[in-house]
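Dear colleague,

I am passing on the structure below, and I would be glad if you could look it over before reading my notes.

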Amino acid sequence: MIIMPLNMIVCIKWVPNTTAVSIDERTGTLIREGVPSIVNPHDLGALEAALSLKDKYGGTVTVISMAPPEAILGLEHALGMGADKGILISDRAFAGADTLATSYTLAKAIERIGNYDLIIMGQETIDSSTAHIGAQVASWLNLPYVYYVTEISYFEEKKVLRVKRMLENAYEIYDIQLPGLISIAMHTFKPRRVTLENKLRAKSKGAIEVWTNKVLNLDVNCIGLRGSPTTVTKIEFMPKIPRKKEIFKGDDVKEAAKWLITKLMEDGLLKI
Amino acid sequence: MESRNLCHEWDEINPEDYKGIWVYMQVEDGQIHEASLQLLGPARFMADKLNTYVGAVLIGWNIKHLAKEPIYYGADKVFIVDNEKLKVYYPRVYGNVVVKLARKYKPQALLVGATMKGRELAPFIANSLRTGITADLTNFDVDVENKDIILIRPPFGAWMLAHIRTAHRRPVMGSVRPNVFPLPERNEKRKGEIIEEQVEIEPETELKLVEYIPIVKSEELPIEKAEILVSGGRGLGSKDGFKLLEELANLLGGTISGSRKAVDAGWIPHEKQVGQTGKSVKPNIYFAIAISGAAQHIFGIREAKRVVAINIDPEAPIFENADYGIVGDYRKVIPAIIEVIKEMKK
């Protein structure tokens, strides 16, 4: 039998851990100091999907990320889980990119990697949740794509990936003639642990490459702020919904329950 | 307009040539999705301010009978492509049809309901037109003087609102989660124009739908339609905590839901998640039980008439965003509420 291993590329994003960000109620500003950045958790699910395919069918997993230099930690984590290679796309010229410019940069990096069968992404990121990049990269590379994949199998002889995906009201099963792109539904693949052996390999020379725009040589009008059709023109603090903020005073739970039920009935929202 | 060097991948356009506010109509099970019809409200508002028309894009197979629906909800023109080649939805095929229509008619804006399919389709359309797209906008503004549309979204968590312009590219594109805007009133007396378009449709050769398996939904009301929601968070400590919440919900004729942390922990399915990355809900009463109240969560309950917070931590931010609060262990407070209701029911 001819074995057709899968060459996979997984895109990951280095994001501030949004659950750790809080707000200074007095000044209305974000408290970001000391907030660690992490690999977008949904992207680790995508990486797990790639690694489990590699376990079954063989092949390679290359992880790419467009981010500031510190994101090398994220790529080390990915290699620690078992990815073969990491590429950090990092240059001031890429900064300020919206999703169009970001997807263009990623697509060009993927073209440069070449010889790929499958591109895998997480469903969305925890910081901006746009879910744009998958469809945009597929558009640049003219690839078939399917979002929200929950199960994957591979017909090696035909180079066809069979995926199950979940929508609001249905499951759908698709056959994708590779090369193609999928996004993995959140919470469906539980990322494996980083092993010491893999982590050491991640630190070895050449395991992670940094590609600046000297490497990619992209038209500066297509990347970063200049390559972004959208611009943020104003940031405002979100208006708070006025609430009554009445807190029951006392320790007797029965009294508290009675107080609450009475309040809700007085508001005409509860009928018993 | 300032002169700028255009990315060589982009075609040159003149934004002033672009008129009309378009809404993409997603057809599901032979009907137009409510998330699409809802967007005819904001589209109508934008169009009136800019003195232009509202266009609805309706594509698929055997859909002609639906053509008047967008008009009843506020559209002036319906661009319809009814073709057997559109029998099965494939994002590239559907996307390319919308792209062709947009190239021909040059709309100023295009809004897409951020259903799961909408989120998959919209960025493909935007990219093909080399325009920007704003995800999950929650509001908008119209700059009448510059004839521009500003889309507003929470960019980072849900504390801030970013105003986003697409000054030099058209159409201005945005996706909107279901139920962010109310369904406009349906008026069968409204008149509009139905434009049947023939476009060349490239078939999808690299992707094939093999099987469609409808998910049999329980009789339970979806959380966005519930009048009473009893919602649990990480503070419940375990999946078992939801049993108590379910008991209260049943007693009140309500439904249970959860925070992102409860969903992440696997205690409750994602379709019951309240918040920015879940659903926006608008119950009469929202019980936030053992939910700390992250901004993303508060965002999802902004339309709740009353918010009740029950939390063991008196410092939990949820109390700042609640109408009525009880500081205490939910394992004691909920049984007390259940007991009081049962006594009253007697």
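This is a predicted model: local features need pLDDT of at least 70, side-chain atom pairs count only at pLDDT 80 or more; totals for chains, interfaces and linings use all residues.

Residues are numbered from 1 along each chain as its sequence is written, and chains are lettered from A and ligands numbered from 1 in the order in which they are written.

An open sheet of 4 strands runs in the order β14(A)-β10(B)-β9(B)-β8(B) with antiparallel pairing; strands are DSSP runs of E of at least two residues and helices runs of H or I of at least four, numbered from the N terminus, and two strands pair if DSSP finds at least two bridges between them. β14 (231-237) of chain A and β8 (139-143) of chain B stand at the edges with a single partner strand each, so one side of each has no neighbour in the sheet.

Within this sheet, β9 (residues 148-153) and β10 (residues 160-165) of chain B are joined by 3 bridges and run antiparallel, and B:Arg153 has B:Ala162 in β10(B) as its bridge partner.

Turning to the contact between the chains, 78 residues come from chain B and 73 residues from chain A, where contact requires C-beta atoms, placed from the backbone, to lie within 7 Å. Strand β15 (residues 246-247) of chain A runs parallel to β18(B), joined to β18(B) by 2 bridges, and A:Glu246 is partnered there by B:Tyr324.

Note on methods:
Two residues are in contact if their C-beta atoms, placed from the backbone, lie within 7 Å.
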